[in-house]
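Keep the viewer open and look up each spot as you go.

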Amino acid sequence: MTVPAACVPTASTTLWDVFRRSLETNARQPALGFEGVELSYGEVASAVANRAAELAAAGVGPRDRVVLLMENGLGFPVTDLAVMALGAVKVPLNGQLTAAEVQGIVARITPRVACVSPALRPLIDESDVTLLDDAIDLTPGTPLPAVGAARPEDPAAIYFTGGTTGKPKGIVHAQYPTVVNFMAHLIEGGLQRDERLLLNTPLSHAAGLFTLASLLRGSYARIERAFDAPTTLDTIDADRITWTFAVPTMIYRLLDVAEERDWRPTSLRTVQYGAAPISATGLRRAIDRFGPIFQQLFGQTECPNFATVLRKEDHVRALEETQLLRSCGRASLMCDVSIRSEETGDEVAQGATGELCLRSVYVLDRYWDDPDAYGKRFHGDWLRTGDIGYQDEEGNVFLVDRLNDMIISGGMNVYSLEVEDALVRHPDVRAAAVVGVPHEHWGEAVHAVVVAGGAVDEATLLAYTRKELGAYKRPKSVEFVDALPLTVYGKVDKKALRAPHWQDHDRAIG
């Protein structure tokens with residue numbers, strides 16, 4: 001069968017070109033659900049048209065910035081699509097940011113409008129920007145905006161980092177590369193037209209992209225206000241959920257509840273996870289309980305979500321070849337990966353350690369108001385991820401640390417991920433994070449922060465690591481906590497773990 005030329009993304013394609021087509025061709029299909037309300041694609045189209053008219057009346061046009069400071073709900077994807085329809089630029093902000101962080105970002109980008117949930121209004125200064133709430137209007141009759149408001153090279157979104165290493169960076173992505181990125185979401189995420197997604201992480205981050213990918217595919221997405229393990233299992237059953245996104249800590253909580261209930265899924269066929277690898281112990285429990293449905297993604301905001309993929313079959317294989325579970329997978333279809341020298345940018349030999357670099361049409365276009373940072377982020381046309389790792393003969397990528405997290409103890413490089421991997425292999429360790437703390441003789445000492453899953457103490461763990469790790473890599477101290485601190489994007493906040501130890505010392509804690 002010949003595919004009509006208009007359906008094939010080309011370098012002249014913009015986001016609204018493809019999303020408008022999906023809204024119109026799937027008009028009678030279920031599109032979105034939230035707290036008992038379900039919208040068809042036709043109803044979403046009406047809400048988008050009304051929202052776009054509201055934004056236009058407030059002065060929003062092509063290339064104007066629009067802040068989305070919104071809680072999870074139907075208003076988020078509707079506003080997202082309305083911004084696309086006008087050729088404007090979305091700036092999604094996480095509601096867990098502080099008022100100072102939000103207002104600092106607003107001052108930098110000078111948005112035309114900010115769409116804000118009522119509960120988050122205290123975070124933003126109303127004198128700086130026109131505010132609209134997150135309510136949607138389903139009244140039919142307003143026509144969808146015509147195609148062509150944006151150019152393929154125009155900015156589509158500015159994503160701000162969480163600011164754990166200093167001033168948040170504004171990561172700009174352009175229209176056409178973002179279209180290609182959504183194609184990667186459909187292909188690598190395995191999204192089918194009959195998919196029923198459950199999304200309960202912040203829509204300002206990865207879940208927002210998965211919601212849009214679902215709307216592009218013509219499938220259905222159920223949005224939850226927040227994650228709750230018992231509710232998630234109930235919803236999977238009641239709504240016949242087939243696909244969901246999680247971080248490993250969420251998977252562990254779901255496992256606990258599922259094992260308590262003796263619950264097993266009947267509809268679920270994909271659990272896409274990211275932000276961190278799953279432990280070998282956790283994977284065995286998960287596959288035994290849920291089946292071989294797990295897939296890990298690796299990406300970063302500069303190259304969203306799909307740079308590498310550890311596929312479902314790799315997870316099954318990892319039950320026997322456990323070293324594979326330390327991998328974040330092989331290059332995705334639309335991304336090249338390379339391990340290169342941090343200093344020179346030259347490619348290193350297979351198996352050698354260096355900086356993971358990426359090359360794809362959907363890497364960032366630039367940093368907002370920071371051209372110097374953009375230049376430092378590349379070796380030629382290779383995006384520097386800031387992650388240290390290596391590749392095996394099959395092309396699997398193994399990450400060993402972040403450049404900023406590497407511990408230098410007595411002149412030796414200690415990769416925190418290697419130490420953490422050893423710790424979580426202990427049957428009574430649920431999760432672990434490793435940071436460097438000040439030491440009079442070595443400069444830094446390895447310090448472990450552990451969430452215990454059984455009866456284990458510091459002496460036991462230190463003795464255990466003597467069999468697992470070389471002397472300079474072993475933790476010199478262990479701290480037990482109920483839970484590891486997370487950033488607003490679900491990653492372990494090592495800055496917070498380091499801070500108490502470095503308050504009176506010179507090392508940067510970012």
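1. Ground rules. This is a predicted model, so please keep in mind that local features need pLDDT of at least 70, that side-chain atom pairs count only at pLDDT 80 or more, and that totals for chains, interfaces and linings use all residues. Residues are numbered from 1 along each chain as its sequence is written, and side-chain values use heavy atoms, with hydrogens and water left out.

2. Which strands pair with β3? One is β4 (residues 89–92), which runs parallel to β3 over four bridges; strands pair if DSSP finds at least two bridges between them. Val67 has Val91 of β4 as its bridge partner. To get from β3 to β4 the chain passes through helix α3 (residues 75–85), and this β-α-β crossover is right-handed, that is, clockwise from the first strand over the helix to the second when the strands point away from the viewer. Another partner is β5 (residues 113–116), also parallel to β3 and joined to it by four bridges. There, Leu68 has Cys115 as its bridge partner.

3. Asp80 and Lys90 form a salt bridge through their side chains, at 2.9 Å from N to O; the rule is a side-chain nitrogen of Lys or Arg within 4 Å of a carboxyl oxygen of Asp or Glu. Asp80 sits in helix α3 and Lys90 in strand β4, so the pair ties together parts that are 10 residues apart in sequence. Are the two partners buried or exposed? Asp80 is buried, at 3% relative accessible area, and Lys90 is buried too, at 7%. As background, side chains of opposite charge can pair when their charged atoms come close.

4. The salt-bridge count for the model comes to 33. One of them joins Asp365 to Arg366, with the closest N and O atoms 3.6 Å apart. Asp365 is partly exposed at 37% relative accessibility, and so is Arg366, at 32%. There is also a network, in which salt bridges that share partners join Arg63, Arg151, Glu153 and Asp154. Within it, the side chains of Arg151 and Glu153 meet at 3.8 Å, N to O, and Arg151 is partly exposed at 41%.

5. Now jump to helix α14 (residues 494–502), where Lys494, Leu497, Arg498 and Trp502 are buried. They cover an arc of only 115° around the axis, which puts them on the same side of α14; the arc is taken from the directions from the helix axis to the C-beta atoms. Their cover includes α12 (416–424), β24 (429–439) and β25 (443–452). At the start of α14, Asp493 has a side-chain oxygen within 3.3 Å of the backbone nitrogen of Lys495.

6. Two residues are worth a click around there. Glu420, in helix α12, is buried at 10% relative accessibility. Leaving out residues up to four places away in sequence, Glu420 touches Ala432, Ala433, Val434 and Lys494, with contact meaning heavy atoms within 4.5 Å. Val450, in strand β25, is buried at 0%. Its contacts beyond four places in sequence include Val429, Leu461 and Phe480.

7. Last, two backbone angles. Most residues other than glycine have a negative phi. Glu35 has a positive phi of about 45° without being a glycine; Glu35 lies in the loop between β1 (30–34) and β2 (37–40) and is partly exposed, at 49% relative accessible area. Asn305 also has a positive phi, near 65°. Asn305 is found in strand β14 (residues 303–310) and is buried, at 10%.

Key: Buried means under 20% relative accessible area, exposed over 50%, partly exposed in between (1.4 Å probe, protein chains only). Helices (H or I, at least four residues) and strands (E, at least two) are DSSP runs, numbered from the N terminus. A polar contact is a pair of N or O atoms within 3.5 Å; within protein, one must be able to donate a hydrogen and the other to accept it, and residues adjacent in sequence count only if both atoms are side-chain atoms.
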